[in-house]
Amino acid sequence: MIRLVKLVDSLNCAIRWVLAVCLLGMTLCTLWQVAVRFLLGTFSLNIAAPWTEEVARYLMIWVIFLGASIACRKAQLISLDVVVFSLPKKIGVFLRYVSLVVCLGFFVLMVQLGMEFLEFGAIESSPVLSMPKTWVYVAMPLGFSLMIVNTVALIIETISRGEDIRFTNGENIE
């Protein structure tokens with residue numbers, strides 16, 4: 001089981017590099033759009049770069065889904081911990097595991113919904129780049145699948161180390 005956790009952590013390392021490239025691409029596209037629209041416009045150079053907005057938007061979608069999967073591994077998604085910490089330890093730990101199982105159920109549902117979006121994306125293309133929208137829509141089922149894998153890895157690691165799941169915040173997770 002620990003080998004699975006190490007494999008997931010290796011996968012997450014690669015995902016972090018993909019996230020870095022996507023964030024760099026978003027930044028450069030946005031910077032180029034600002035430069036074309038405002039800086040070159042002041043010199044009466046009317047150059048259009050409509051592709052930058054579309055590329056930045058699609059990269060943002062990928063960043064959101066991939067970044068959320070990394071956050072699942074480190075238990076850093078938004079949650080209300082006040083109830084879990086105000087209850088006795090055994091009840092709080094149990095409630096935390098129940099919430100993770102509910103999240104897993106939601107992630108599975110979203111993978112199924114994302115697969116339906118993929119079918120829709122096969123017949124649709126982006127307005128400016130004219131690329132199939134499947135490249136955009138695949139981020140949803142892939143991201144939620146990675147969220148499932150990362151949440152399971154979090155549960156496995158926490159149980160195998162004998163840690164209190166309520167205090168798992170990613171500080172001790174590589």
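## Exercises on a buried aromatic pair

F107 and F144 are both buried (under 20% relative accessible area, 1.4 Å probe, protein chains only). The model is predicted: local features need pLDDT of at least 70, side-chain atom pairs count only at pLDDT 80 or more, and totals for chains, interfaces and linings use all residues. Residues are numbered from 1 along each chain as its sequence is written, and side-chain values use heavy atoms, without hydrogens and water.

**Exercise 1.** Classify the pair formed by the rings of F107 and F144.

*Solution.*
- Start with the total: the structure holds 6 aromatic pairs (Phe, Tyr or six-membered Trp rings with centres within 6.5 Å).
- Take the distance: the ring centres of F107 and F144 are 5.8 Å apart.
- Take the angle: the planes stand at 40°, so this pair is tilted (under 30 degrees is stacked, over 60 edge-to-face, the rest tilted).
- Place the residues: F107 lies in helix α4 (residues 89-121) and F144 in helix α6, so the pair ties together parts 37 residues apart in sequence. Helices are DSSP runs of H or I, at least four residues, numbered from the N terminus.
- Widen the view: F65, F106, F107 and F144 make up one aromatic cluster.

**Exercise 2.** Locate T151 and find its contacts.

*Solution.*
- T151 belongs to helix α6 (residues 139-161).
- Its relative accessible area is 2%, so T151 is buried.
- Set aside neighbours within four places in sequence; T151 then contacts C72, L100, L104 and F107. Contact means heavy atoms within 4.5 Å.

Definitions and conventions. Helix = DSSP H or I, 4+ residues; strand = E, 2+ residues; numbered from the N terminus. Buried < 20%, exposed > 50% of the residue type's maximum accessible area, 1.4 Å probe, protein only.
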